[in-house]
Amino acid sequence: MTIMRQELTQLGGGAHALATQLLGNADDAADAVHDAFEAVLRRPQAYDSRKGPLKPWFLRVVRNRCLDMIRRRRPSAMPVEELIDPGTTPEEALGVDQRRMAIKQALAMIPAEKRELIVLRDYLDLSYAQIADVLGIAQGTVMSRLHRSRIALKEALDNDAQ
Amino acid sequence: MLSNTKPMDEHVGELLSGYIDGELTQQQRQRVEIHCGNCGKCESELSALRALRRDVSNSRLSEYGEDVWREKMDDTTVKVTRSIGWLLFLGAVLICGGIGIYAFVFESSMGTFEKLLIGAVYGGLALLFISVLRQRLIERKADKYKDVEI
């Protein structure tokens, strides 16, 4: 249980990044991750280590929680603009880290299903098999979907730069 | 030998992502390498995708550090243990109450009238408690400002 708690603590940041991209709001994302912690700690036996590592399993729990929250929301309550700046630091505001800021802005411009693929692969470093597991899709479709998502992000970055 | 034609560019397209992710078979990797050696467009796209991957990987998409999650985890542990505590407490109260009611109704030497009178007092109190509790729960659920800290 203690090992699981330590692992979950380390996974919190990544899970929050994924939830933020899905929900468009850092506070709602924190609630989703917190709820996922609660669900996992209440029934730790639900995780079977023989079926794979904790990371993709926990990310799937967080993603399901986010999808539940989206379903409950009214369609108008999707504050995507918050994605652009989920906690701007003074350096970012001064333009010291413009590339990092540009990535956040470009991510906010592409659809959520593309954002989550990019975050799962490039930010959370999941393998294609793990991504397929988290998203519940065929492993064979991950590469093409991811490629389309990256092209969309690249175009959003290029458009933003112009 | 792969040519530098447009259809071939499109064909290699998604393999470029698989290549930078290390998810291709050896044969597919060789195909991408040979193609990119002959196709400037795909080679520059490969470099652009690599840079993009590096930038996303280095970006900071969550402002919450491990300390925050450790605190939230502790908070979660408190909630979970509290729920278990309440469950045990209420379970024990219900069982004790049941035993008490059984003893009062069936094993007490009191007359029927006294039993009904005392039963009405406790029954009334219980109904009042349930009514207030229900009202409070409805209010709590509907209160938009319950999370506002003053």
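Tutor: The account below begins with conventions, then takes up the interface and the residues around it.

This is a predicted model, in which local features need pLDDT of at least 70 and side-chain atom pairs count only at pLDDT 80 or more, whereas totals for chains, interfaces and linings use all residues. Residues are numbered from 1 along each chain as its sequence is written, chains are lettered from A and ligands numbered from 1 in the order in which they are written, and side-chain values use heavy atoms, with hydrogens and water left out.

Chain A has nine helices and zero strands, where helices (H or I, at least four residues) and strands (E, at least two) are DSSP runs numbered from the N terminus. Of the 162 residues in chain A, 49% are buried; the term buried means under 20% relative accessible area, exposed means over 50%, and partly exposed lies in between, with a 1.4 Å probe and protein chains only. Among the contacts in chain A with a separation of 6 or more, 66% come from residues 24 or more positions apart; a contact requires heavy atoms within 4.5 Å.

At the interface, 45 residues of chain A are in contact with 37 residues of chain B. The size of an interface is often given as the accessible area lost when the parts come together. Between chain B and chain A the buried area is about 3,700 Å², and carbon and sulfur atoms give 60% of it; this quantity is the accessible area (1.4 Å probe) that two parts lose on being put together, summed over both. B:L61, B:W69 and B:M73 supply 20% of the area that chain B buries against chain A, more than any other three residues.

Apart from neighbours within four places in sequence, A:T9 is in contact with B:E66, B:W69, B:R70 and B:M73. The relative accessible area of A:T9 is 5%, so this residue counts as buried.

On the side of chain B that touches chain A, the elements giving two or more residues are α1 (6-20), α3 (40-58) and α4 (66-107) of chain B. The most comes from α4(B), with twelve residues. That side of chain B divides into 13 nonpolar, ten polar and 14 charged residues, with Ala, Val, Leu, Ile, Met, Phe, Trp, Tyr, Cys and Pro counted as nonpolar, Asp, Glu, Lys and Arg as charged, and the others, Gly among them, as polar.

Over all chains there are 16 salt bridges, and five are found across the interface of chain B and chain A; the rule asks for a side-chain nitrogen of Lys or Arg within 4 Å of a carboxyl oxygen of Asp or Glu. One of the salt bridges pairs A:K104 with B:E63 (3.5 Å, N to O). A:K104 lies in helix α6 (residues 98-109) of chain A and B:E63 in the loop between α3 and α4 of chain B, so the pair joins two chains. A:K104 is buried at 2% relative accessibility, while B:E63 is partly exposed at 31%. B:E63 also meets B:R60 in a salt bridge (3.6 Å, N to O), and B:R60 is partly exposed, with a relative accessible area of 28%.

A further salt bridge between the chains links A:R121 and B:D21, with the closest N and O atoms 3.2 Å apart. Within chain A, A:R150 forms a salt bridge with A:D122, where the closest N and O atoms are 2.6 Å apart. This pair links distant parts of the chain, 28 residues apart, with A:R150 in helix α9 (residues 142-161) and A:D122 in helix α7 of chain A. Both partners are buried, A:R150 at 0% relative accessible area and A:D122 at 2%. Salt bridges that share partners join A:R121, A:D122, A:D125, A:R150, B:D21 and B:R53 into one network. Within that group, A:D125 has a positive phi of about 60° although it is not a glycine, and A:D125 is placed in the loop between α7 (112-123) and α8 (128-135) of chain A.
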